[in-house]
Amino acid sequence: MRYYIVIPAHNESAFIALTLQSLVEQTLQPQKVVVVNDNSTDDTNAIVSDFSAKHPWISIIEKKSDAIHLPGSKVIQAFQKGFDTLDNNYDVIVKLDADLILPPDYFEKIIGKFQSDPTVGMAGGFAYIEKNGHWILENLTDKDHIRGAFKAYRKDCFQQIGGLKAAMGWDTVDELLCKFYNWKVVTDESLIVKHLKPTGANYNKTARYKQGEAFYSLRYGFLITTIASLKLAMMKKKPLLFIDYIVGFLKARKNKKPYLVTPEQGRFIRNYRFQKMKSKLL
């Protein structure tokens, strides 16, 4: 199976060489890697260009966007610009962050998941962060969720869900729509991805309401949003984030922000969330 990778990058000179080197060392290399250099002011371009000179399957394109770093829209707009430069001769498309170290057999195993079961729509490993000299699981989500830092999609699944949404919540709605269309989302705990920069480290304070807005756009409703907000705030060990999430939800509802899913998909999502909550209580 042929797989292509798109890497959005903004001022990633401290890490991107490690990410690209881990791709060079893959036991099953990608056919194409496109780095989208999004308004970087550091040496990101020079570092990627050096890799591109040695490995022709790595390329770089430039994108100019606002300097403010908000979750969701900026990174997916960059991904889309990179994706639009690719041909259609891929079996798997990967959205990858520029601050990761992947194990050498990462994509050999990921492609193996797709090859072994034609109903697998998405596959991924797990993010680990360094703490006190040890690499520990970045435990922000359930273990059946693939982190937005390393998403791999089967082509048919990617097309059916309509690609990636340029909004906060893109890396949740993709999986929910996979399930809506009866695709499997598969994770592999043996695949340990070193995440070199903590999630959300660069987010501006204006982003704090975005999570609640995302819950609204997914048609969670107030009850599920309240439970999800409380859980996420506690997992991040920042209880006051709960208030920001609820305020974000209420602001989005008041302003009638656009939804990311249809009413039918929304009903499926709410039922799916309720069933997961029920299974954890029983």
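Author: A contact here means that heavy atoms lie within 4.5 Å of each other. Among contacts in the protein between residues at least 6 apart in sequence, 78% join residues at least 24 apart. The model is a predicted one.

First, the whole chain. The protein has 10 helices and 9 strands. Its radius of gyration is 18 Å, close to the 19 Å given by the globule rule for 282 residues, so the protein is as compact as a globular protein of that length. Along the principal axes, the C-alpha atoms fill a box of roughly 55 × 40 × 40 Å. Of the 282 residues, 49% count as buried. The accessible surface of the protein is about 13400 Å², and carbon and sulfur atoms make up 54% of that surface.

Now the part itself, helix α4. This helix covers residues 106-116, and its buried residues are Tyr-106, Phe-107, Ile-110, Ile-111 and Phe-114. Viewed down the axis of α4, these buried residues fall within an arc of 115°, so they line one face of the helix. On the face turned away from that buried side are the exposed residues Gln-115 and Ser-116.

The loop between β5 (100-101) and α4 holds Asp-105. Asp-105 has a relative accessibility of 25% and counts as partly exposed, since buried means under 20% and exposed over 50%. Leaving aside residues up to four places away in sequence, Asp-105 touches Gln-26, Thr-27 and Leu-191.

Asn-182 is exposed, with a relative accessible area of 65%. Its phi is positive, at about 70°, although Asn-182 is not a glycine. Arg-219, also not a glycine, has a positive phi of about 60°; Arg-219 lies in the loop between α7 (210-217) and α8 (221-235).

Technical notes. Residues are numbered from 1 along each chain as its sequence is written. This is a predicted model: local features need pLDDT of at least 70, side-chain atom pairs count only at pLDDT 80 or more; totals for chains, interfaces and linings use all residues. Side-chain values use heavy atoms; hydrogens and water are left out. Helices (H or I, at least four residues) and strands (E, at least two) are DSSP runs, numbered from the N terminus. The radius of gyration is taken over C-alpha atoms; the globule rule is 2.2 Å times the number of residues to the power 0.38. Buried means under 20% relative accessible area, exposed over 50%, partly exposed in between (1.4 Å probe, protein chains only). Accessible areas come from the Shrake-Rupley method with a 1.4 Å probe; for residues, only the protein chains shown count as cover. The arc is that of the directions from the helix axis to the C-beta atoms.
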